[in-house]
Amino acid sequence: MARKRALAWAPIRGLMKSVGAQIVARDAVDMMIKHLEETAKELTTKALKFTRHAKRIKLTKDDLELAIKF
């Protein structure tokens with residue numbers, strides 16, 4: 001059974017094609033999705049540290065900006 005993805009396949013493939021990839025293999029798109037999902041999880045984890053440090057429960061754009069920066 002295939003695992004459920006948080007990101008849709010077609011838009012990621014379209015993004016890859018928009019920067020010049022004429023033909024994109026299915027496994028290449030799958031690998032890109034996996035990488036993007038892992039990166040998003042890591043950034044969210046970092047951002048939550050800034051959220052909790054500020055004694056808030058709402059993760060904000062500023063928290064994500066700090067997570068990206070540090």
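Glutamate 42 counts as exposed, at 53% relative accessibility. Here exposed means over 50% relative accessible area, buried means under 20%, and partly exposed lies in between, with a 1.4 Å probe and protein chains only. The model is predicted: local features need pLDDT of at least 70, side-chain atom pairs count only at pLDDT 80 or more, and totals for chains, interfaces and linings use all residues. Residues are numbered from 1 along each chain as its sequence is written, and side-chain values use heavy atoms, with hydrogens and water left out.

Glutamate 42 is found in helix 2. Its C-alpha lies 9.0 Å from that of alanine 67, across 25 residues of sequence. Lysine 46 lies in helix 2 too. Lysine 46 is partly exposed, with a relative accessible area of 39%. The C-alpha atoms of lysine 46 and alanine 67 are 5.3 Å apart, and the two residues are 21 apart in sequence. With neighbours within four places in sequence left aside, lysine 46 is in contact with Ala67 and Phe70. Contact means heavy atoms within 4.5 Å.

The protein has three helices and zero strands. Its pattern along the sequence is α-α-α. Helices (H or I, at least four residues) and strands (E, at least two) are DSSP runs, numbered from the N terminus. Helix 2 spans residues 26-53 and has 28 residues. From first C-alpha to last, helix 2 reaches 41 Å, close to the 40 Å expected at 1.5 Å a residue. That expected span is 1.5 Å times one less than the number of residues in the helix.

Five residues of helix 2 can be listed as buried: Val29, Ile33, Glu37, Ala47 and Thr51. The buried residues of helix 2 pack against helix 1 (9-18) and helix 3 (61-69).

Aspartate 63 lies in helix 3. Aspartate 63 is buried, with a relative accessible area of 2%. Its contacts, leaving aside neighbours within four places in sequence, are Ala47, Phe50, Thr51, Arg56 and Lys58. Leucine 64 is also placed in helix 3. Leucine 64 is partly exposed, at a relative accessible area of 31%. Leucine 64 touches Leu43, Ala47 and Leu59, residues up to four places away in sequence not being counted.

On the helix 1 side, valine 24 is placed in the loop between helix 1 and helix 2. Valine 24 counts as buried, at 10% relative accessibility. Valine 24 touches Arg13, Met16, Lys17 and Val29, not counting residues up to four places away in sequence. The C-alpha atoms of valine 24 and arginine 13 are separated by 6.9 Å, and the two residues are eleven apart along the chain.

The loop between helix 2 and helix 3 holds lysine 55. Just after helix 2, lysine 55 takes a positive phi of about 55°. Most residues other than glycine have a negative phi. Lysine 55 counts as exposed, at 76% relative accessibility.

Whole-chain values complete the description. The radius of gyration of the protein is 16 Å, whereas a compact globule of 70 residues would have one near 11 Å. The radius is taken over C-alpha atoms, and the globule rule is 2.2 Å times the number of residues to the power 0.38. Along the principal axes, the C-alpha atoms fill a box of roughly 45 × 30 × 15 Å. Of the 70 residues, 16% count as buried. Among contacts between residues at least 6 apart in sequence, 33% join residues at least 24 apart.

The accessible surface comes to about 6000 Å², and 62% of that belongs to carbon and sulfur atoms. Accessible areas come from the Shrake-Rupley method with a 1.4 Å probe; for residues, only the protein chains shown count as cover. The protein has 16 positive and 8 negative charges, with mean positions 3 Å apart. Lys and Arg count as positive and Asp and Glu as negative, while His and the chain ends are not counted. Each charge is placed at NZ of Lys, CZ of Arg, CG of Asp or CD of Glu.
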